Amino acid sequence: MTTPDADTVPTAVRKSFQILEAVAAAPRPLSGQALAERLGLTRSTLSRLALSLAAMGYLERLERGGWQLGPAALRLGLSRLAHLDIRSVAAPLMRALSEAIDLPVDLAMPVGDEMLHFELAQMAGQVVVASEMGARLPIARTALGHAALFAMERRQQAETLERLRQRAGAAWPAEQAAVRYSFAQLERQGFCIVIGQLRPDVAAVGAPLIDPRGQGVFSFSCSTIGAAAEEGRLEAAGPRLLEMIRQVAARLGG
């Protein structure tokens, strides 16, 4: 069966998904006016489509007037995460690594312009950046994100970088320089270290996994939080992280 061209998708369907994507990407609920302006829709069109999505449970309107994802959309996303078999393959190896190096180990995948966090190995006493399945982290300011960008197919990488440039505005030169520095590290040693970009107290080492079965790009990271950046500790963790990723790839059929 052939895949339909994007131009043949009915306008209402395309705009409805654009609304869902905009709401999902926003860090907080969006007003109808903000959504309409962001997507170039009239208020009446936005209202009609959003109310239809809300009736099916894909959007939810707050009392203060903002829109957020509804339970039906959340169930779809969490169901997809729950059925990613890389979780069951990677989880025991992540736990073993976390215990060995006394750092939390995260697994995430790129979705749009963010990293979707969906597995964590955490020992007692370890502090983490994201602890909930489905938490989102910025691609441009995390080791997870830089590693995923590096491993993307070149067209996807270029398109993602362009969207990040447009979103970052005046902050882009600094973010671009950090991404390029991470790319040089990944080219040289297979992992990158990102310090103080997500938050001043967060440092992490990250590396990518290209699914050998052709099911996309994933990233793993180990992080330190709440103390002075421990670059030496992260440097030492890098090769062990790469070895764990090799084991995951082998078990997936790579």
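I sorted the lining of the second largest pocket by class: nine residues are nonpolar, six are charged and none is polar. Nonpolar covers Ala, Val, Leu, Ile, Met, Phe, Trp, Tyr, Cys and Pro; charged covers Asp, Glu, Lys and Arg; the others, Gly among them, are polar. The model is predicted, with pLDDT of at least 70 needed for local features and 80 or more for side-chain atom pairs, while totals for linings use all residues. Residues are numbered from 1 along each chain, and side-chain values use heavy atoms, without hydrogens and water.

I then listed who lines this pocket. It has 15 lining residues, with Asp113, Glu114, Pro138, Arg141 and Arg167 nearest its centre. Strand β6 (136-138) and helix α7 (154-168) each give two or more residues to the lining. (A pocket is an open set of points on a 1 Å grid where a 1.4 Å probe fits, with protein on both sides within 12 Å along at least five of seven lines; lining residues have an atom within 4 Å of a point.)

**Aromatic pairs.** I found two. (Ring centres must lie within 6.5 Å; planes over 60 degrees apart count as edge-to-face.) Phe118 and Phe218 have ring centres 6.0 Å apart and planes at 65°, so they pair edge-to-face. Phe118 sits in strand β5 and Phe218 in strand β9, 100 residues apart. I checked burial next (buried means under 20% relative accessible area, with a 1.4 Å probe). Phe118 is buried at 2%. Phe218 is buried, also at 2%.

Phe150 and Phe183 are edge-to-face too, because their planes stand at 70°, with centres 5.5 Å apart. Phe150 lies in helix α6 and Phe183 in helix α8, so the pair ties together parts 33 residues apart in sequence.

Note on methods. Helix = DSSP H or I, 4+ residues; strand = E, 2+ residues; numbered from the N terminus. Phe/Tyr/Trp six-rings, centres within 6.5 Å; stacked < 30°, edge-to-face > 60°. Buried < 20%, exposed > 50% of the residue type's maximum accessible area, 1.4 Å probe, protein only.
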